[in-house]
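Subject: Structure handover

Hi,

Here is the structure I promised to pass on. My notes follow below it.

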Amino acid sequence: MIKYILPLLAFCLQLSADNLISNADFAEGFKGFVKTGGYSLRDNVLVVRGQPELGDAINGYQKLTRKLELNEPANAKLELSFDMNVIRISGRVNVAIRESDAAGETLRYHNLIFSKWDTTDGWRSFKKTVDISAQAVNLEFFLMSHYLDGKDQIEFRNLKILSQP
(Lines give C-alpha, C1' and ligand atoms only; values in the text may rest on other atoms or scores of the structure.)
Protein backbone atom coordinates (compact mmCIF):
# COMPACT_ATOMS: atom_id res chain seq x y z
CA MET A 1 0.00 0.00 0.00
CA ILE A 2 2.77 2.46 0.89
CA LYS A 3 4.38 1.95 -2.52
CA TYR A 4 1.25 3.57 -4.04
CA ILE A 5 0.81 6.33 -1.47
CA LEU A 6 4.34 7.76 -1.67
CA PRO A 7 4.31 8.37 -5.45
CA LEU A 8 0.82 9.88 -5.18
CA LEU A 9 1.97 12.18 -2.37
CA ALA A 10 5.01 13.26 -4.41
CA PHE A 11 2.75 13.98 -7.40
CA CYS A 12 0.37 16.09 -5.25
CA LEU A 13 3.28 18.08 -3.79
CA GLN A 14 4.55 18.79 -7.30
CA LEU A 15 1.12 20.08 -8.34
CA SER A 16 0.98 22.44 -5.37
CA ALA A 17 4.46 23.77 -6.17
CA ASP A 18 3.61 25.15 -9.63
CA ASN A 19 4.39 28.85 -9.93
CA LEU A 20 1.25 30.85 -10.71
CA ILE A 21 3.34 33.56 -12.41
CA SER A 22 3.93 32.35 -15.96
CA ASN A 23 7.32 33.37 -17.40
CA ALA A 24 8.46 34.42 -13.90
CA ASP A 25 12.10 33.86 -14.88
CA PHE A 26 11.65 36.24 -17.85
CA ALA A 27 13.07 33.63 -20.24
CA GLU A 28 10.63 35.05 -22.83
CA GLY A 29 11.35 38.67 -21.92
CA PHE A 30 8.29 40.55 -20.69
CA LYS A 31 5.86 38.26 -22.57
CA GLY A 32 2.58 38.16 -20.65
CA PHE A 33 3.45 41.14 -18.45
CA VAL A 34 2.10 44.66 -18.72
CA LYS A 35 4.68 47.30 -17.84
CA THR A 36 5.24 51.01 -17.72
CA GLY A 37 8.41 52.93 -16.94
CA GLY A 38 11.90 51.84 -16.00
CA TYR A 39 11.80 48.03 -16.01
CA SER A 40 14.50 46.09 -17.84
CA LEU A 41 16.10 42.64 -17.81
CA ARG A 42 19.68 41.55 -17.29
CA ASP A 43 20.42 37.80 -17.34
CA ASN A 44 16.86 36.93 -16.22
CA VAL A 45 17.08 39.47 -13.40
CA LEU A 46 14.35 42.12 -13.34
CA VAL A 47 15.89 45.56 -12.88
CA VAL A 48 13.75 48.46 -11.63
CA ARG A 49 15.15 51.96 -12.07
CA GLY A 50 14.09 55.52 -11.91
CA GLN A 51 14.49 57.28 -15.21
CA PRO A 52 18.21 58.12 -15.50
CA GLU A 53 17.59 60.96 -17.93
CA LEU A 54 15.79 62.78 -15.12
CA GLY A 55 18.88 62.72 -12.89
CA ASP A 56 17.80 63.60 -9.37
CA ALA A 57 14.33 64.61 -10.54
CA ILE A 58 11.75 62.32 -8.99
CA ASN A 59 9.37 60.53 -11.33
CA GLY A 60 5.96 59.24 -10.34
CA TYR A 61 4.51 55.80 -10.73
CA GLN A 62 5.74 52.73 -12.64
CA LYS A 63 4.24 49.26 -12.64
CA LEU A 64 4.72 45.70 -13.86
CA THR A 65 1.66 43.42 -13.70
CA ARG A 66 0.72 39.87 -14.62
CA LYS A 67 -2.64 38.12 -14.35
CA LEU A 68 -2.43 34.90 -12.34
CA GLU A 69 -3.73 31.57 -13.54
CA LEU A 70 -5.62 30.12 -10.58
CA ASN A 71 -8.78 28.20 -11.39
CA GLU A 72 -10.53 28.91 -8.10
CA PRO A 73 -9.00 31.94 -6.37
CA ALA A 74 -11.69 32.32 -3.68
CA ASN A 75 -10.49 31.12 -0.26
CA ALA A 76 -7.08 30.10 -1.63
CA LYS A 77 -3.92 30.42 0.43
CA LEU A 78 -0.94 31.70 -1.58
CA GLU A 79 2.73 32.23 -0.84
CA LEU A 80 4.46 35.16 -2.55
CA SER A 81 8.27 34.92 -2.56
CA PHE A 82 11.20 36.56 -4.34
CA ASP A 83 14.82 37.59 -3.98
CA MET A 84 15.63 41.29 -3.98
CA ASN A 85 18.85 43.28 -4.17
CA VAL A 86 18.58 46.99 -3.34
CA ILE A 87 21.36 49.02 -4.93
CA ARG A 88 19.63 52.27 -4.00
CA ILE A 89 16.04 53.27 -3.32
CA SER A 90 14.85 56.78 -2.58
CA GLY A 91 11.12 56.25 -3.10
CA ARG A 92 8.93 53.23 -2.49
CA VAL A 93 8.52 49.80 -4.10
CA ASN A 94 5.49 47.55 -3.54
CA VAL A 95 5.38 43.86 -4.42
CA ALA A 96 1.79 42.66 -4.21
CA ILE A 97 -1.01 40.29 -5.07
CA ARG A 98 -4.17 42.15 -6.13
CA GLU A 99 -7.61 40.61 -5.63
CA SER A 100 -10.56 41.80 -7.71
CA ASP A 101 -14.22 40.88 -7.98
CA ALA A 102 -16.23 39.85 -11.05
CA ALA A 103 -16.62 43.51 -12.10
CA GLY A 104 -12.83 44.02 -11.94
CA GLU A 105 -13.04 46.23 -8.85
CA THR A 106 -10.12 45.91 -6.44
CA LEU A 107 -10.99 44.12 -3.23
CA ARG A 108 -7.53 44.44 -1.66
CA TYR A 109 -3.79 44.27 -2.17
CA HIS A 110 -1.48 41.97 -0.21
CA ASN A 111 1.64 44.16 -0.08
CA LEU A 112 5.28 43.93 0.79
CA ILE A 113 6.45 47.55 0.84
CA PHE A 114 10.05 48.76 0.68
CA SER A 115 11.30 52.33 1.14
CA LYS A 116 14.54 54.27 1.37
CA TRP A 117 15.04 52.83 4.85
CA ASP A 118 15.19 49.26 3.52
CA THR A 119 18.54 47.85 2.44
CA THR A 120 19.51 44.29 1.59
CA ASP A 121 23.35 44.25 1.55
CA GLY A 122 23.24 41.97 -1.48
CA TRP A 123 20.55 39.46 -2.41
CA ARG A 124 17.93 38.74 0.24
CA SER A 125 14.85 36.47 0.16
CA PHE A 126 11.36 37.66 1.09
CA LYS A 127 8.19 35.63 1.63
CA LYS A 128 4.57 36.35 2.55
CA THR A 129 1.63 33.95 2.88
CA VAL A 130 -1.81 35.41 2.19
CA ASP A 131 -5.42 34.25 2.37
CA ILE A 132 -7.53 35.17 -0.64
CA SER A 133 -11.07 36.35 0.12
CA ALA A 134 -14.21 34.46 -0.84
CA GLN A 135 -15.26 37.36 -3.11
CA ALA A 136 -12.10 37.23 -5.24
CA VAL A 137 -12.60 36.19 -8.85
CA ASN A 138 -9.35 37.51 -10.37
CA LEU A 139 -5.80 37.70 -9.07
CA GLU A 140 -2.87 39.72 -10.37
CA PHE A 141 0.82 40.05 -9.50
CA PHE A 142 1.88 43.70 -9.09
CA LEU A 143 5.29 45.32 -8.78
CA MET A 144 4.87 49.07 -8.35
CA SER A 145 7.51 51.73 -7.85
CA HIS A 146 6.82 55.26 -6.72
CA TYR A 147 9.01 58.38 -6.72
CA LEU A 148 12.29 56.81 -7.84
CA ASP A 149 15.00 59.13 -9.10
CA GLY A 150 17.57 58.46 -11.79
CA LYS A 151 20.05 56.90 -9.35
CA ASP A 152 17.72 54.23 -7.95
CA GLN A 153 18.09 50.56 -8.81
CA ILE A 154 16.33 47.55 -7.30
CA GLU A 155 16.76 44.01 -8.69
CA PHE A 156 14.43 41.01 -8.45
CA ARG A 157 14.76 37.32 -9.25
CA ASN A 158 13.03 34.05 -8.36
CA LEU A 159 9.53 35.57 -8.44
CA LYS A 160 7.03 32.96 -7.26
CA ILE A 161 3.44 32.72 -6.16
CA LEU A 162 2.65 29.20 -5.01
CA SER A 163 -0.67 27.73 -4.00
CA GLN A 164 -0.59 26.49 -0.41
CA PRO A 165 -2.59 23.57 1.04
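One cut-off before the findings: a residue counts as buried when its relative accessible area is under 20%, with a 1.4 Å probe and protein chains only. Keep in mind that this is a predicted model.

Start with Thr 120. The residue sits in the loop between strand 7 (106-115) and strand 8. Is Thr 120 buried or exposed? Its relative accessibility is 8%, so Thr 120 is buried.

Thr 120 also has polar partners. Its side chain comes to 2.9 Å from the backbone nitrogen of Val 86. A polar atom of that side chain of Thr 120 also lies 2.7 Å from the backbone oxygen of Gly 122. Setting aside neighbours within four places in sequence, Thr 120 touches Met 84, Asn 85, Val 86 and Phe 126.

Five strands make up an open sheet, ordered 2-3-10-5-8, with antiparallel pairing. Strand 2 (39-42) and strand 8 (124-131) are the edges, each pairing on one side only. On average, neighbouring strands here are turned by 30 degrees against each other, direction ignored.

One pair in detail. Strand 3 (residues 45-49) runs antiparallel to strand 10 (residues 153-164), and four bridges link them. Within this pair, Leu 46 stands opposite Phe 156 of strand 10.

Best wishes

Terms used: Residues numbered from 1 in each chain as written. Predicted model: local features only at pLDDT ≥ 70, side-chain atom pairs only at ≥ 80, totals over all residues. Heavy atoms only, no water. Pairing = 2+ DSSP bridges. Helix = DSSP H or I, 4+ residues; strand = E, 2+ residues; numbered from the N terminus. Axes fitted to C-alpha atoms, helices over the stretch in contact; angles between N-to-C directions. Buried < 20%, exposed > 50% of the residue type's maximum accessible area, 1.4 Å probe, protein only. Polar contact = N/O pair within 3.5 Å; in protein donor to acceptor, adjacent residues only side chain to side chain. Contact = heavy atoms within 4.5 Å.
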